[in-house]
Amino acid sequence: MSTDDALALRLWSGVDMSAGPCGCWPWTLGTNGHGYGQIHTPRPNSKKLGTHRLACSLAHGAAPSGCEPLHSCGNRPCCNPRHLRWGTRKENVADAIAQGTWAHGEGITQAKLTESNVVEIRDRWASGEAQKTIANFFGIHQSHVSQIVNRKAWAHLVH
C-alpha cells in the first residue's frame, strides 16, 4: 500500500459518513484550536495536515496555486467532498461571512478587547484623549487604537 493510500485510509476511517452522501461528514478525531480536523502524515517527515484539505485534494486534485479548501456547508470538521472545493482566500472569507462563521470582534479567541472596550476607546478619542494614552490604558498598541477609531478594526461595531 502506498503512503498516499495509507493516508487516505486513515482519513476516511476517522470520518463519520452516517449523514449520507449529501450530509456533513465530520472528522471525529483530533482537531486544532479552530475546530478543523487534523491528521498527521506518516513518518519520518510527519506533519499536521487539515483533514478538509486532504479530503478536498483526494476528491478534486491538488490545490491550484493560491487556493485553499472552502466549505459550502460552513461546518469546519466536515470532510464530505461534495461540500468542499478549491477557492481563493477572498472567496473563503466571503463564504464564511455569508455563512455566519467568520470570527470577528469578541468571537476571536485571542481578542484582548470587548465591544464595550471599543465603545470606550472611541468615546475617549472623540473627547480628545491621545491615542497613546488610550493604548497604554488598554494594554494595546497605539496603531490598534488608530485602526479602531478609524473603523478599520471592529468595523462591524456601529458605535
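Select helix H5, residues 131–138. Its buried residues (under 20% relative accessible area, 1.4 Å probe, protein chains only) are Gln-131, Ile-134, Ala-135 and Phe-138. This is a predicted model: local features need pLDDT of at least 70, side-chain atom pairs count only at pLDDT 80 or more, and totals for chains, interfaces and linings use all residues. Numbering starts from 1 along each chain as its sequence is written, and side-chain values use heavy atoms, without hydrogens and water.

Now look down the axis of H5. The buried residues fall within an arc of 100°, so they line one face of the helix. The arc is taken from the directions from the helix axis to the C-beta atoms. An α-helix has 3.6 residues a turn, so residues three or four places apart point the same way.

Turn to the face away from the buried side. Lys-132, Asn-136 and Phe-137 are exposed there (over 50% relative accessible area).

Next, show what covers the buried residues of H5. Helix H4 (115–126) and helix H6 (142–149) are included; contact means heavy atoms within 4.5 Å. Then click Gly-139, which follows H5 and has a positive phi, near 70°.

Move to helix H1 (residues 3–13) and helix H2 (residues 51–60). They pack at an angle of about 120°, with their axes 11 Å apart.

Which residues of H1 meet H2? Select Leu-7, Ala-8, Leu-11 and Trp-12. Their partners in H2 are Thr-51, Leu-54, Ala-55 and Leu-58. By class, this contact has seven nonpolar, one polar and no charged residues.

Methods
Axes are lines fitted to C-alpha atoms, for helices over the stretch in contact, and angles run from 0 to 180 degrees between N-to-C directions. Helices (H or I, at least four residues) and strands (E, at least two) are DSSP runs, numbered from the N terminus. Ala, Val, Leu, Ile, Met, Phe, Trp, Tyr, Cys and Pro count as nonpolar, Asp, Glu, Lys and Arg as charged, and the others, Gly among them, as polar.
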